[in-house]
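Student: I have a model open on my screen and would like to learn how to read it. Could you walk me through it?

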Amino acid sequence: MHVLLVEDDSVLADGLSRILQGHGMLVEVVADGLQADQALQRGQFAVAVLDIGLPGIDGFEVVRRLRARGSATPVLLLTARDAVEDRVRGLETGADDYLVKPFATAELVARIRALARRNTPTPTVLALGQLSLDTSARRARIGERPLELSVREWAVLEYLLQHAARVVSKQQIIDAILPWGDDLTLNAVEVYVSRLRLKLLDAGIAIRTIRGFGYMLEPAA
Ligand code: CA
């Protein structure tokens, strides 16, 4: 699950990001309103977690622009101010939920999951050969056997499955799984793919290397 976290307090952002990643979420962190606006135009996020008080444009304006573009991406607002008018204004602007700081991280995780459940336009099960990926329950299986995947292995495999029988470049994989991640190299993608190949030996599918370009997931010959 891709989550956009918009928070200008870098200590809080780091802490929250780590906690959400610990719950299996892929988190992109940005620290100001304009970057948030751009990220929401570029990426597909299951949920956006938005601080209200931000440099650039504030959280209300980010939500207003998002909804003006017709996007239904669920938004959870974080506010330091325990002011009724902030909550009302946030919900009127198009936010789906809010949390007042300080909050328990378990509550943040639960609210994000609830918002993501409310808005799942993608099919919940992706399958090819013996492999099936239940994207809402986050369970992978080969036949009846559960398949253990790291967060990033999952993200790479999910992207390949969504584009099965089509050639995808390494850069497309990086952009899809981590739009703001400059810490993921083309070599890292190769490492995830070679790990996935080992895990998929008896799945009846193959990740074919398209030399000098990328990969294609297809039924094994
Ligand atoms: Ca702030």
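Tutor: Gladly; we will look at a cavity and then at a sheet with its helices. Keep in mind that this is a predicted model.

Student: How many cavities of 30 Å³ or more does the count give?

Tutor: Rolling a probe the size of a water molecule over the atoms shows where empty space is left. Here the count gives one cavity of 30 Å³ or more, and the volume of the largest cavity is about 30 Å³.

Student: Which residues line the largest cavity?

Tutor: Its lining consists of Met 1, His 2, Gly 24, Leu 26, Arg 138, Val 151, Trp 154, Ala 155 and Glu 158. By type, five are nonpolar, two polar and two charged. Helix α6 (residues 151–162) supplies the largest share of that lining, with four residues.

Student: Now the sheet. In what order do the three strands lie?

Tutor: The order is β10-β12-β11, in an open sheet with antiparallel pairing. β10 (167–169) and β11 (205–210) each have a single partner strand, so one side of each lacks a neighbour in the sheet. From one strand to the next, the twist averages 30°.

Student: How many bridges join β11 to β12?

Tutor: Six bridges link β11 to β12 (residues 214–219), and the two run antiparallel.

Student: Which strands does α6 touch?

Tutor: Helix α6 packs on the sheet and touches β10, β11 and β12, with its direction at about 70° to that of β12. Helix α8 (residues 186–199) lies across β11 and β12, and runs at about 150° to β11.

How values were computed:
Residues numbered from 1 in each chain as written. Predicted model: local features only at pLDDT ≥ 70, side-chain atom pairs only at ≥ 80, totals over all residues. Heavy atoms only, no water. 1 Å grid on protein atoms, 1.4 Å probe; cavity = no way out; pocket = protein on both sides within 12 Å on 5 of 7 lines; lining within 4 Å. Points joined across faces, edges and corners; volume = space filled by probe spheres on them. Nonpolar A, V, L, I, M, F, W, Y, C, P; charged D, E, K, R; others polar. Pairing = 2+ DSSP bridges. Axes fitted to C-alpha atoms, helices over the stretch in contact; angles between N-to-C directions. Contact = heavy atoms within 4.5 Å.
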